[in-house]
Amino acid sequence: MIVAFSISPTTGDETGGVAEAVAAAVRVVRESGLPNETNAMFTNIEGEWLQRDMSEVVSCS
């Protein structure tokens, strides 16, 4: 199963930037150990079990 999602922070830092929030979310995915890929539109994760995959997505929010 492949899950594709995007991160859209609702608030930014003091300068309005969202890079730190997006980087933190991507870090959660990479630390999960699931195969993943981040591209210009989405972060994709691949796994056997929907429940685990979705829990990683929720952890990013």
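Of the 61 residues of the protein chain, 25% count as buried, where buried denotes a relative accessible area under 20%, exposed one over 50%, and partly exposed the range in between (1.4 Å probe, protein chains only). The model is a predicted one, in which local features need pLDDT of at least 70 and side-chain atom pairs count only at pLDDT 80 or more, whereas totals for chains, interfaces and linings use all residues. Residues are numbered from 1 along each chain as its sequence is written, and side-chain values use heavy atoms, with hydrogens and water left out.

The protein chain contains 2 helices and 3 strands, arranged from the N terminus on in the order β-α-β-β-α. Helices (H or I, at least four residues) and strands (E, at least two) are DSSP runs, numbered from the N terminus. The accessible surface of the protein chain amounts to about 4400 Å², of which carbon and sulfur atoms supply 55%; accessible areas come from the Shrake-Rupley method with a 1.4 Å probe, and for residues only the protein chains shown count as cover. Among contacts between residues at least 6 apart in sequence, 48% join residues at least 24 apart, a contact being defined by heavy atoms within 4.5 Å.

Strand 3 (residues 43–46) pairs with strand 1 in the antiparallel sense over 4 bridges. Strand 3 also pairs with strand 2, again in the antiparallel sense, over 3 bridges. Two strands are taken to pair if DSSP finds at least two bridges between them. Strand 2 and strand 3 form a hairpin with 4 residues between them, and Thr-38 stands opposite Thr-43 of strand 3.

Asn-44, located in strand 3, counts as buried because its relative accessibility is 16%. Residues up to four places away in sequence aside, Asn-44 touches Ile-2, Val-3, Ala-4, Pro-35, Asn-36, Glu-37 and Asn-39. In a regular strand the side chains alternate between the two faces of the sheet. Strand 1 (residues 2–5) has a covered face with Val-3 and Phe-5 and an uncovered face with Ile-2 and Ala-4.

Helix 1 has 13 residues and reaches 18 Å from its first C-alpha to its last, close to the 18 Å expected at 1.5 Å a residue; the expected span is 1.5 Å times one less than the number of residues. The buried residues of helix 1 are Ala-25, Val-26 and Val-29. Seen down the helix axis, these buried residues fall within an arc of 95°, so they line one face of helix 1, the arc being that of the directions from the helix axis to the C-beta atoms. They pack against strand 1, strand 2 and strand 3. The face turned away from the buried side carries the exposed residues Glu-20, Arg-30 and Glu-31.

The loop between helix 1 (19–31) and strand 2 (36–38) includes Ser-32, which is buried because its relative accessible area is 12%. A polar atom of the Ser-32 side chain lies 2.6 Å from the backbone oxygen of Val-29. The backbone nitrogen of Leu-34 lies 3.1 Å from a polar atom of the side chain of Ser-32. A polar contact is a pair of N or O atoms within 3.5 Å; within protein, one must be able to donate a hydrogen and the other to accept it, and residues adjacent in sequence count only if both atoms are side-chain atoms. Helix 1 is followed by Gly-33, which has a positive phi near 85°.
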